[in-house]
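This briefing is meant for a reader meeting the structure for the first time.

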Amino acid sequence: MTQNAELQDLVGKGYQHGFVTDIESESLPPGLNEDVVRHISRIKREPEFLTEWRLQALRHWFTLKEPQWAHVKVAPIDYQAISYYSAPKAKTDGPKSLDEVDPKLLETYEKLGVPLHERARLAGVAVDAVFDSVSVATTFKDKLEKAGVIFCSFSEAAQKHPALIEQYLGSVVPHTDNYYACLNSAVFSDGSFVYIPKGVRCPMELSTYFRINAANTGQFERTLIIADEGSHVSYLEGCTAPMRDENQLHAAVVELVALERAEIKYSTVQNWYPGDENGVGGIYNFVTKRGECRGARSKISWTQVETGSAITWKYPSCVLKGDDSIGEFYSVALANHCQQADTGTKMIHIGRNTRSTIVSKGISAGRGQNTYRGLVKILAGAEGARNFTQCDSLLMGGDCGAHTFPYVEVKNPSATIEHEASTSRISEDQLFYCLQRGISEEDAVNMIVNGFCKTVFKELPMEFAVEAQNLLAVSLEGAVG
Amino acid sequence: MTQTSLALPTGRDENWRYAALRPVTQLNWGEPSPEWTTDVEAQVTALLPPRLAGSRRLVLFAGRVVPALSDGITIGSSRGKLADALTLECLENEAPSGPSTLDIDQRFADLNRQHATQTLRLTLSTQGDAHPIEIIHIASGVSHPAIELVLPAEASAQIIERQLSRGEIASATNLRLDIHLGSRAKLHLARLLQCGTQAQHIETLNIGLADGAELDYTQISLSAANARSTALIEHANESQVNWQASALAAGRQVFDHYILTRHAQRGARTQQTFRGIASEQSRLAFNGHMQVTKSGLQSDLQQSLKCLLDGTRAEANVRPQLEIYTDVVSASHGATVGKLDRDMLFYLLSRGIDPMTAESLLKWAFISDVLTKLPMGLREQIELALLDRLPGAIASPAANAPTHESQR
């Protein structure tokens, strides 16, 4: 009884980032057609090829049906009731520096723990902040430019570096890939663009903070990261949204390209609003993330901590084309209250001696449903490919669910694939051990859950690891099954 | 073209994506089965394997019981007794029996209900029967064998089922096997697939266990052009299933398995083991789907799925799936796909064992987790059948026979 009461109290702590910023914004009326797409493209002053690419995607999207295979229950989405563009009203064409950014916006980011000024000076992390549909501020641009690194909003890149955009956009996730990626291709409004030139090790970690603020809008950002030969970049992504009773759609696409010997480390702490304890409201997070190791000895590493959103549908993947290339996926996914998560990864081994590692930790509590879905595919030419997969699930309470749906497909006899998984609840022995040493129940559960997730947290950059631990603590302390 | 009103599964159906469906969906499943003639009888008699010690035997040709070659049933009779404790009934199906389901995984079972001309029902009495029962299917033409096996409470039985075919003549079999185990009943079921290279084999097993029932299931798939095994297992309180399967595919063979195990009551246990070897251009697939509902408290699930690839174009697909809706459960699974361990091979070679024998020994060891679960008499027969596939792994009977010198 005490455990249950504590659990209720702690779960009742609720979402910390659910406030709304009262800021003037420009939005398109709800609805989706070619005019809307042309309008977005015109606002963004995009080159002609990009407008055509968007239109092509939209025409294809009209022929598609929503995917039904995921282990989630989604209420019908009226795509014509969504506004596909919302942006904070700009006084000029756009802020030239942080001083020109609306103070209310900066205040919002302060509240979210993303103090753009302080972070710029103290933490040495370059931040691109995306508010609703547009990038509002990018810090540390000058220093990055000196190193030859391009880090800017996607709209800016489309104007200033159209050749790079034309070459790489859709080359990893084509608009025909899936329903949500196709929708994103048609209506994406902004996002981040990163190009690391040959041989450059990015002098600081790059970070993007996504915030949905306006009501009745969706967020459709697009991120493109290109790491040229021998380069290295670490990229962090965070996201939050206000508490609203209606579901909001977030359908993003992230494309990573790693050329020869390049390395990309992509970390996410996803904290979209998950809805209340009865499953009312929350973000539908339908995201396509894929990286392509095009060059030999390249490496792409995904690390994600998924604590938010009502429904998560997300499979950060690696296509290992280059010989000796490496793909990694480290994930902690939490489903509490009525949250549903169907997440995992795909590792497609094409090149010789390619290696991949998957470590997935799923935590289910309340009435949450957590699914790991992972594909390891070894194609015929992937001589000497190796994969190791570990996916563990922790159940807290009798009403939640933990599901594991791995797919192992091997077409090369020299490959070595190992997959292991376990499903259990918090061990009563471990809990008793902590309690009889005077540790409170909340702290004990926190310790055990953090221990369960340790292999993933240690892959996160330090400040994100702390944030991730705090997030889990808010949601789960005392949740003893 | 398939002469059936039922839409058969396609590669787009999640649980059928690895099966070789083209050959079976293009068949005319409504084609009449071949007749039993004296020529056929001579051929079939020659095919029959040596009788296992003390066993009772039933022989089915193209899905129908052959009284002349079966124990306990006289020609012209539809009922009989294999032993005092075991009754059998051959039920003639005049019209399609049972309703069609909406479940695509049960579609071939529905097809069987439409076209099966006879259902063999075996009922064991509570006293049980110590003698093993051999059921031998001889595939020929298109056939729909249907078997219902009923073990009442406390009964126990050992059944050995073999799938054979008449030489290299093309055949297509769509088997339906329904098993009902009463409370605390125990069934040891060993199944062997050893058809010709032109045989298409599809089977659907529906297995229901009552409280405390135990099923010990072992399946060895050695040969057929294509084989697909679908099984649905429903657990009850404290019931137990040990499921072992092994498949050795070669040439262009495709062996596909889909096993759905539901744990909806307390304390059910499932242990699932699969060992597959894919050689040459063959394809193996094992999809083990375990479900635990909210009421399936204290369920214990273990899966171990391993495949060995031994051919430049061989393929293995394994899916150990867990779907769990309660927290009072213990579940773990492991899956591996790989080649023969080079270190082990080197160890054997360095001791003077020739490469072919060394490889065979390692493959033998790989599948031994499953082989050792077979009853002794059958295991010896299967070992003999494996001599061609794994030469040198075990001593042939000729090598074991005493020489004249040793006799002196």
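For the helix pairs below, an axis is a line fitted to C-alpha atoms over the stretch in contact, and the angle between two axes runs from 0 to 180 degrees between N-to-C directions. The model described here is predicted. In chain B, the axes of helix 4 (residues 342-349) and helix 5 (residues 355-371) come within 9 Å and cross at roughly 130 degrees.

**Helices 4 and 5 of chain B**

- Because angles over 145 degrees count as roughly antiparallel and those from 65 to 115 as roughly perpendicular, with the rest up to that limit oblique, helix 4 of chain B and helix 5 of chain B are oblique to each other.
- Where helix 4 of chain B passes helix 5 of chain B, the crossing is right-handed.
- On the side of helix 4 of chain B the contact is made by Met344(B), Leu345(B), Leu348(B) and Leu349(B), while helix 5 of chain B contributes Pro355(B), Ala358(B), Glu359(B), Leu361(B) and Leu362(B).
- Sorted by class, this contact of helix 4 of chain B with helix 5 of chain B holds 8 nonpolar residues, no polar residues and 1 charged residue.

**Helices 10 and 11 of chain A**

- In chain A, helix 10 (residues 428-435) and helix 11 (residues 441-457) have axes that come within 9 Å and cross at roughly 130 degrees, and the two helices are therefore oblique to each other.
- The crossing of helix 10 of chain A and helix 11 of chain A is right-handed.
- Here Gln430(A), Leu431(A), Cys434(A) and Leu435(A) of helix 10 of chain A meet Glu441(A), Ala444(A), Val445(A), Met447(A) and Ile448(A) of helix 11 of chain A.
- The residues in this contact of helix 10 of chain A with helix 11 of chain A divide into 7 nonpolar, 1 polar and 1 charged.

**Helices 2 and 3 of chain A**

- The axes of helix 2 of chain A and helix 3 of chain A come within 10 Å and cross at roughly 155 degrees, which makes helix 2 of chain A roughly antiparallel to helix 3 of chain A.
- The crossing of helix 2 of chain A and helix 3 of chain A is right-handed.
- Glu34(A), Val37(A), Arg38(A), Ile40(A) and Ser41(A) in helix 2 of chain A meet Thr51(A), Arg54(A), Leu55(A), Leu58(A) and Arg59(A) in helix 3 of chain A.
- By class, the contact of helix 2 of chain A with helix 3 of chain A has 4 nonpolar, 2 polar and 4 charged residues.

**Salt bridges**

- Over all chains, a search of the whole structure finds 41 salt bridges.
- Glu34(A) forms a salt bridge with Arg59(A), with the closest N and O atoms 2.9 Å apart.
- Since Glu34(A) lies in helix 2 (residues 34-43) of chain A and Arg59(A) in helix 3 (residues 48-61) of chain A, the pair ties together parts that are 25 residues apart in sequence.

**Interface of chain A and chain B**

- At this interface, 34 residues of chain A are in contact with 34 residues of chain B.
- Chain A and chain B bury about 2600 Å² between them, with 48% of it on carbon and sulfur atoms.
- The rule finds 3 salt bridges across the interface of chain A and chain B.
- Arg17(B) forms a salt bridge with Glu409(A), with the closest N and O atoms 3.5 Å apart.

Note on methods:
Residues numbered from 1 in each chain as written. Chains lettered and ligands numbered in written order. Predicted model: local features only at pLDDT ≥ 70, side-chain atom pairs only at ≥ 80, totals over all residues. Heavy atoms only, no water. Helix = DSSP H or I, 4+ residues; strand = E, 2+ residues; numbered from the N terminus. Parallel < 35°, antiparallel > 145°, perpendicular 65-115°, else oblique. Left-handed = near helix turned anticlockwise from the far one by under 90°. Contact = heavy atoms within 4.5 Å. Nonpolar A, V, L, I, M, F, W, Y, C, P; charged D, E, K, R; others polar. Buried area = accessible area lost by both parts, 1.4 Å probe. Salt bridge = Lys/Arg side-chain N within 4 Å of Asp/Glu carboxyl O.
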